[in-house]
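I opened this notebook to keep track of what I looked up about charged side chains and their surroundings. The entries follow the order in which I looked.

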Amino acid sequence: MFYRLDEDAFIHHLDRVALAARGEFDAGSETHIAAPPAAVFALLTDPEKIVRWMGMTAELEPQPGGLYLLNLDGARKAARGTFREVVPVHRLAYSFGWDDSDAVRPGSSLVEIDLIEQPDGTLLRLTHTGLPNEEQCANHAKGWAHYLGRLADVAAGRDPGPDWAEKKA
């Protein structure tokens with residue numbers, strides 16, 4: 001049986017093969033959000049708004065070289081990185097890692113988020129590259145799916161409910 005890939009899918013496949021050959025893995029996700037890109041961008045970059053759907057405290061300086069610090073559980077689980085690219089209402093890129101992790105240290109991976117305007121909201125495309133192994137790739141893919149669902153709820157005006165990180169604290 002043969003399958004036909006479009007050019008973008010084929011290039012993405014080749015990129016994944018090249019990352020795996022270098023011992024790097026990536027996680028990615030696309031989510032439709034029923035809100036305009038400006039509202040989604042604010043939920044990703046405003047410290048008071050991001051904690052409505054992810055984390056308990058945040059220090060964000062959304063400018064190249066600025067701090068990305070998000071404490072998920074109020075105690076020990078903090079994601080840390082540096083903003084690399086900020087294109088208001090369109091794109092974010094920041095280094096990423098965990099303060100308490102030897103596997104994914106702060107700055108060791110890269111999160112890229114593209115916001116694509118659509119007639120009924122925003123397509124959010126997230127790619128997380130530079131993860132060290134398949135296990136970390138799967139863990140981060142699961143985490144991003146969880147949090148992007150919560151982001152979509154908040155953007156639509158719904159209460160996302162308690163977060164799993166809060167339950168563990």
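Is Asp 114 buried, partly exposed or exposed? I looked this up in what is a predicted model, and found that Asp 114 has a relative accessible area of 25%, so I noted it as partly exposed.

I then turned to its partner and found that the side chains of Asp 114 and Arg 91 meet in a salt bridge, at 3.0 Å from N to O. This pair links distant parts of the chain, with Asp 114 in strand S6 and Arg 91 in strand S5, 23 residues apart.

Next I searched the whole structure, and the search returned eight salt bridges. One of them joins the side chains of Arg 80 and Asp 99, with 2.8 Å between N and O. Since Arg 80 lies in strand S4 (residues 78-87) and Asp 99 in the loop between strand S5 (91-96) and strand S6 (109-118), the pair ties together parts that are 19 residues apart in sequence. I recorded Arg 80 as partly exposed at 31% relative accessibility, and Asp 99 as partly exposed with a relative accessible area of 36%.

I also checked Arg 105, which forms a salt bridge with Asp 102, the closest N and O atoms lying 3.7 Å apart. Here Arg 105 is partly exposed at 47%, whereas Asp 102 counts as exposed at 67%. Finally, I looked for shared partners and noted that salt bridges join Glu 85, Arg 91, Glu 112 and Asp 114 into one network.

Methods:
Residues are numbered from 1 along each chain as its sequence is written. This is a predicted model: local features need pLDDT of at least 70, side-chain atom pairs count only at pLDDT 80 or more; totals for chains, interfaces and linings use all residues. Side-chain values use heavy atoms; hydrogens and water are left out. A salt bridge is a side-chain nitrogen of Lys or Arg within 4 Å of a carboxyl oxygen of Asp or Glu. Helices (H or I, at least four residues) and strands (E, at least two) are DSSP runs, numbered from the N terminus. Buried means under 20% relative accessible area, exposed over 50%, partly exposed in between (1.4 Å probe, protein chains only).
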